[in-house]
Amino acid sequence: GNTLCLKAQLPGGLLVLGDLHAAQGDGEILGLGAECAGEVTLRIHKDERYRSDRPLVCKRETFVCIACRRAYSAARDLAVDDAKKVLARITGCTEQEAYLYVTTVADLRNGGVWMMDARDRAQHERVPLTVGVEVSFPASP
């Protein structure tokens, strides 16, 4: 029931799906996931409302801006910046007001993305981190 928003990188961009998991922990500790067969139903359309440079997940009453960088603070700051811009766009408030709301009310969703190269796994500072900022839609006055 969630909507994943992805920015097309090129006109007529393609979408590829795969690698379904029955269960998966944060970061796949040993690089393994419980792979499974699955069925996916997609509806693809262009939506100008959210316009985020990075992946964004729309839920029933929240949205999650996702960023990935090697430094936690850089990933967090990108996700917060995206959330601020999206919230300002969909509510009509200023970006400054949206920033105050996001940094006060939003929740961080932390996870890890492991590089598959053995040299990178051995150097923890080179492991990119994924951070999501989940924002509840503010109540209407």
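**Close-up views of a predicted model**

View 1. Leu4, Leu6, Leu15, Leu17, Leu20, Val40, Leu42 and Ile44 make a nonpolar surface patch of about 770 Å², where a patch joins nonpolar side chains within 5 Å, taken from residues with over 30% relative accessible area and no salt bridge (a side-chain nitrogen of Lys or Arg within 4 Å of a carboxyl oxygen of Asp or Glu), and areas come from the Shrake-Rupley method with a 1.4 Å probe. One of these residues, Leu6, is found in the loop between strand E1 (3-5) and strand E2 (21-23), strands being DSSP runs of at least two residues and helices runs of at least four. The model is predicted, with local features needing pLDDT of at least 70 and side-chain atom pairs pLDDT 80 or more, while totals for chains, interfaces and linings use all residues. Residues are numbered from 1 along each chain, and side-chain values use heavy atoms, without hydrogens or water.

**View 2. The largest nonpolar core.** This core, a set of buried Ala, Val, Leu, Ile, Met, Phe, Trp, Tyr and Cys residues joined through side-chain atoms within 4.5 Å, has 17 residues, of which Leu56, Phe63, Ala83, Val102, Val133 and Val135 touch the most other members. Two or more residues come from each of strands E4, E5 and E7 and helices H1 and H2, and H1 gives the most, with 6 residues.

**View 3. Valine 131 in strand E7.** Valine 131, found in strand E7, counts as buried (under 20% relative accessible area) because its relative accessibility is 0%. Its C-alpha atom is separated by 6.8 Å from that of alanine 79, 52 residues apart along the chain.

Conventions
Buried means under 20% relative accessible area, exposed over 50%, partly exposed in between (1.4 Å probe, protein chains only). Patches are made of residues with over 30% relative accessible area and no salt bridge: like charges are joined within 9 Å, nonpolar side chains (Val, Leu, Ile, Met, Phe, Trp, Tyr) within 5 Å.
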